[in-house]
Amino acid sequence: MLYQRSSQLFIEAEKVIPGGVNSPVRAFKGVGGTPIFVKKAKGAYLYDEDDNQFIDYINSWGPMILGHAFEPVIEAITERAKLGTSFGTPTALETKIAALALEMVPNIDKIRFVNSGTEACMSAIRLARGYTKRDKIIKFAGCYHGHSDSFLIQAGSGASTFGIPNSPGVTSGTAQDTLLAQYNNIQNVMALFEANPNEIAAVIIEPVAGNMGCVPPKEGFLEQLRALCTANGTLLIFDEVMTGFRLARGGAQELYNITADIVCFGKVIGGGLPVGAFAGRNEIMNHLAPLGPVYQAGTLSGNPLAMAAGYAMLETLNTDREIYQRLEEKTAYLEKGMHKILTKNNVAYTINRVGSMISVHFDAQPVTDFDTAKAGDNAFFKTFFHNLLQSGIYIAPSAYETWFITDALTYDDLDTTLNAIDRATQNH
Ligand SMILES: *Cc1c(COP(=O)(O)O)cnc(C)c1O
């Protein structure tokens, strides 16, 4: 495959955009080489500027669960655009999508729309702090909640007490209020609660982690977390930016039958337009301005184009009764095929999967947290990635990402992918 035009476009982009990209992981730093510039996409396929075709396993990092340029979404955006693109006033459409989201997701009475997952998580934390009148939060190493200051914290030597920032520009003051725990380690969380009595406003978690590859919660872990939060007057925040409307109509709350206090959304909820949202019970959500004292606002929040796209997406997911079963079956087929191939080719590997989130780790040990996720064979992943790319299979250019399966994928696409995986892992 030739990437002549993409390579040229990347050189031009680097002159005017830092690193040539508007979000770092797109730059292929984790795998080497230059990123492909996409011209268009339809269904399960991406087409780049050199007219190469790829079967897409990233799908805009999650939103395109029904495939690219999904007709009802495109139609909704097109029709809506003719009526004007932003007013800065309430619109009937916002109430309509809010009501639909409340119908689909359990345990929430009100929802507020924002423009990204980052904004949703950032606002959820402020709300939790305002509601509990406490400052500290607990997050888990390897979980990603967007790029706001409180979340850019990584384990340091004092990880079990105070976090240290992992980006310049995050103040140590902010970092001190973020406590770090190990995913799937309830003892670790208990110790943090004991060391910080009556100080923890919220525990925020990806109920199925998707930003260190796919890491499912261990049996009972989320239940124990729920109980700990309740016992300590702490809010449990489910960051369902990735899992929301993907794992089930009602997301991870429905799948695991756990009640969160605040739920964050992004990705699928916008149907491919910039949308995020956070939601909770009245008692909590009524603390938000203009009803309550916790301030949160946005010039383009609830934007009519974005709401039209999101509504068309959610409506399809709500009415197609077989959608989640189909996604489960397609992803299970891929998983089964990969097990067979990787075993046959003597590759040391682990596959993690929940519903249509799946990841392959090149390490035979179980991957249950950030440390075990990092233990994989990164050098081999790079070769694997480029081999697949050459075969027209586009997976995330990083070993720490989930693959997102879409309903647009056919079993032929999955077989093509499995054949490519076979070729990429022979003579390993
Ligand atoms: C993608 C993601 C975010 C950030 O959302 P953006 O729209 O990129 O700001 C937050 N949390 C999780 C779990 C995500 O996967």
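In the predicted model, the structure holds 2 cavities of 30 Å³ or more. The confidence of the prediction is given by a mean pLDDT of 95 for the protein, with 97% of the residues reaching 70 or more. An exception is found over residues 155–162, where the pLDDT is below 50 and where the stretch has 10 contacts in the model beyond near neighbours in sequence. Where pLDDT is low, the predicted coordinates should not be read in detail.

The largest cavity contains about 90 Å³ of space, and its lining is made up of Val360, His361, Phe362, Ala373, Lys374, Gly376, Asp377, Asn378, Phe381, Ala399 and Tyr400. At least two residues of this lining are supplied by each of strand S14 (357–361), helix H12 (370–374) and helix H13 (378–390). When the lining of the largest cavity is divided by class, 6 residues are nonpolar, 3 are polar and 2 are charged.

For the second largest cavity, the space amounts to about 60 Å³, and the lining residues are Ser359, Val360, Phe381, Phe384, Ile395, Ala396, Ser398, Ala399, Glu401 and Trp403. Two or more residues of this lining are given by each of the elements S14 and H13. By class, the lining of the second largest cavity comprises 7 nonpolar residues, 2 polar residues and 1 charged residue. Val360, Phe381 and Ala399 are found in the lining of the largest cavity and also in that of the second largest cavity, while S14 and H13 each supply at least two residues to the lining of the former and two or more to that of the latter.

Definitions and conventions:
Residues numbered from 1 in each chain as written. Predicted model: local features only at pLDDT ≥ 70, side-chain atom pairs only at ≥ 80, totals over all residues. Heavy atoms only, no water. pLDDT = per-residue confidence, 0-100. Contact = heavy atoms within 4.5 Å. 1 Å grid on protein atoms, 1.4 Å probe; cavity = no way out; pocket = protein on both sides within 12 Å on 5 of 7 lines; lining within 4 Å. Points joined across faces, edges and corners; volume = space filled by probe spheres on them. Helix = DSSP H or I, 4+ residues; strand = E, 2+ residues; numbered from the N terminus. Nonpolar A, V, L, I, M, F, W, Y, C, P; charged D, E, K, R; others polar.
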